[in-house]
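Please open the model in your viewer and keep the sequence panel beside it. The stops below take you from the confidence colouring to a few selections of side chains.

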Amino acid sequence: ETRQEAMQHLGEIFGLRDLLNLRGKFETPDAYWDHPSLEALYTRVSREFDLGKRIAVLNRKLDYAQEVVQVRHEQLKEENK
């Protein structure tokens with residue numbers, strides 16, 4: 001593995017975080033605001049599937065993956081000195 005590959009992995013992790021936390025927010029999507037019945041359904045489904053807890057678990061896993069890649073990146077940097 002190269003330092004460039006490690007950086008690519010970090011970029012992938014940040015992309016997943018963006019998708020999970022910014023674009024996939026655990027909030028009612030704007031499209032449902034005009035349709036109260038759909039908004040209520042979305043809220044019930046979100047609660048039923050514990051989306052908030054699932055997102056938190058995924059964030060912890062991404063934290064770990066990010067730490068592993070950062071450590072590997074540092075190792076590769078030291079090897080190339």
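Colour the chain by pLDDT (the predictor's confidence in each residue, from 0 to 100): the lowest confidence falls in helix α2, residues 36-48, with a mean of 83, and the highest in helix α3, residues 51-79, at 92. Helices here are DSSP runs of H or I with at least four residues, numbered from the N terminus. Over the chain the average pLDDT is 85, and 89% of the residues score at least 70. This is a predicted model, in which local features need pLDDT of at least 70 and side-chain atom pairs count only at pLDDT 80 or more, while totals for chains, interfaces and linings use all residues. Residues are numbered from 1 along each chain as its sequence is written, and side-chain values use heavy atoms, with hydrogens and water left out.

Next, select Asn59, which lies in helix α3 and counts as buried because its relative accessibility is 15% (buried means under 20% relative accessible area, exposed over 50%, and partly exposed in between, with a 1.4 Å probe and protein chains only). Leaving aside neighbours within four places in sequence, Asn59 is in contact with Arg17, Leu20 and Asn21, where contact means heavy atoms within 4.5 Å.

Then move to Phe49, in the loop between α2 and α3; Phe49 counts as partly exposed, because its relative accessibility is 45%.

Terms used: Helices (H or I, at least four residues) and strands (E, at least two) are DSSP runs, numbered from the N terminus.
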